[in-house]
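Biologist: Let's go through this model together. I will ask, and you show how each answer is reached.

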Amino acid sequence: MTDQEHLERAYRRRLAWYPREFRNEHGPEILAVLMAGARDGQRRPGLAGSADLIRGGLSLRLFPCVPRSARTVRAAVWLTCAGAVIPALSLILGLVTLSAKGIVGGLIVAAMWLCMARAIGQGRNGARVFSVVLFGVVTLALGIAVFGFGGPGHVAGMTAFSLSLSVLNWLIGLAALGLLWLPASTAFFRPSILVEAQRAARLAERARIAAVRY
Amino acid sequence: MQEATFLILTALADGSQHGYGIITDVQEISGGRVRLRPGTLYTALERLRVDGLIGVDREEIVDGRLRRYYRLTPAGTGRLAAEAARLQAHAAAALRRLNVAGVTAT
């Protein structure tokens, strides 16, 4: 394999960080730019080159179509991703201590935060409404844990540490929810059916372009 | 508007360009100070497309590789003009006050 082929393959692997739809559309073009900017004899993308592609890919995965102008929505998506950090830690702790409860609980809760972040980033109004419901349920559960049976300080099966982590996550959720329902955010959200319709139209348009090209 | 965004729009102001062309042009406009990386460039281009400030002008195949040319939309031209006027007003104010203070800009 020549240096150039080696480098191109490495770049292709880095491009996997981008959403598939975007990669299908722009992959060959980005690859051409990457190869045009390569030094003679370069075989690896390098740390900065890789970081640039990973950052770009993650950003487009998280905010597939949030305009830069929708700052409050972008902040809410970031916060919602941050909400997955504590459950992910609980998952890791569960794996270390082999606690089934920790593993399953951490996995489900972390996945839910990330799914919510994605749905919000797609501008689905249903996700915004659902996040209120979810937050209500969590608030109720946390309220019972803290103030329920036996009063404060008598939390069944929860250490002070895990309780404070739950409260921290609750605060993250509260902040994200606040941002989502600011008037500045509202303009960005559309009914899910419209999001799907626009997605379908975009795919059809890309298929048409591809058909013309070949 | 972020500096990179401003420079990308500026690179497209007098005609359509492809990705690598934008990178070299931005480097020239900024006096070699800003070197856009491809990941940063294409993320920015996608955001600008979503915002309706740029569009695809045409596609070419050069040496077996795809080149896609981007151009400003009327909304993009308007945004760039407004941003340039804003920056110019700020720069003029700064220079005026520096002159009053007896400092000459180099």
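Biologist: In what sense do strand β2 (residues 54–62) and strand β3 (residues 65–72) of chain B pair?

Modeller: This is a predicted model: local features need pLDDT of at least 70, side-chain atom pairs count only at pLDDT 80 or more, and totals for chains, interfaces and linings use all residues. Residues are numbered from 1 along each chain as its sequence is written, with chains lettered from A and ligands numbered from 1 in the order in which they are written. Strands (E, at least two residues) and helices (H or I, at least four) are DSSP runs numbered from the N terminus, and two strands pair if DSSP finds at least two bridges between them. β2(B) and β3(B) have eight bridges, and the sense is antiparallel.

Biologist: Which residue in β3(B) is the bridge partner of Val56(B)?

Modeller: Val62(B) bridges to Arg65(B) in β3(B). For Val56(B), the partner in β3(B) is Tyr70(B).

Biologist: Which residue in the turn of the β2(B)–β3(B) hairpin has a positive phi?

Modeller: Two residues lie between the strands of this hairpin. The phi in question is about 50°, and the residue is Asp63(B).

Biologist: Which are the edge strands of the open sheet in chain B?

Modeller: Three strands form the sheet, in the order β1-β3-β2, with antiparallel pairing. An edge strand here pairs on one side only. That gives β1 (17–18) and β2 of chain B.

Biologist: How are α4 (residues 71–82) and α8 (residues 160–180) of chain A oriented to each other, roughly parallel or roughly antiparallel?

Modeller: Axes are lines fitted to C-alpha atoms over the stretch in contact, and angles run from 0 to 180 degrees between N-to-C directions. The angle is about 160°, with the axes 8 Å apart. Angles under 35 degrees count as roughly parallel, over 145 as roughly antiparallel, 65 to 115 as roughly perpendicular and the rest as oblique. α4(A) and α8(A) are therefore roughly antiparallel.

Biologist: Which helix supplies the largest share of the side of chain A that touches chain B?

Modeller: Contact means C-beta atoms, placed from the backbone, within 7 Å. By that rule, 21 residues of chain A meet 17 of chain B. α2 (20–36) and α3 (47–62) of chain A each supply at least two residues of that side of chain A. The largest share, nine residues, comes from α2(A).

Terms used
Two residues are in contact if their C-beta atoms, placed from the backbone, lie within 7 Å.
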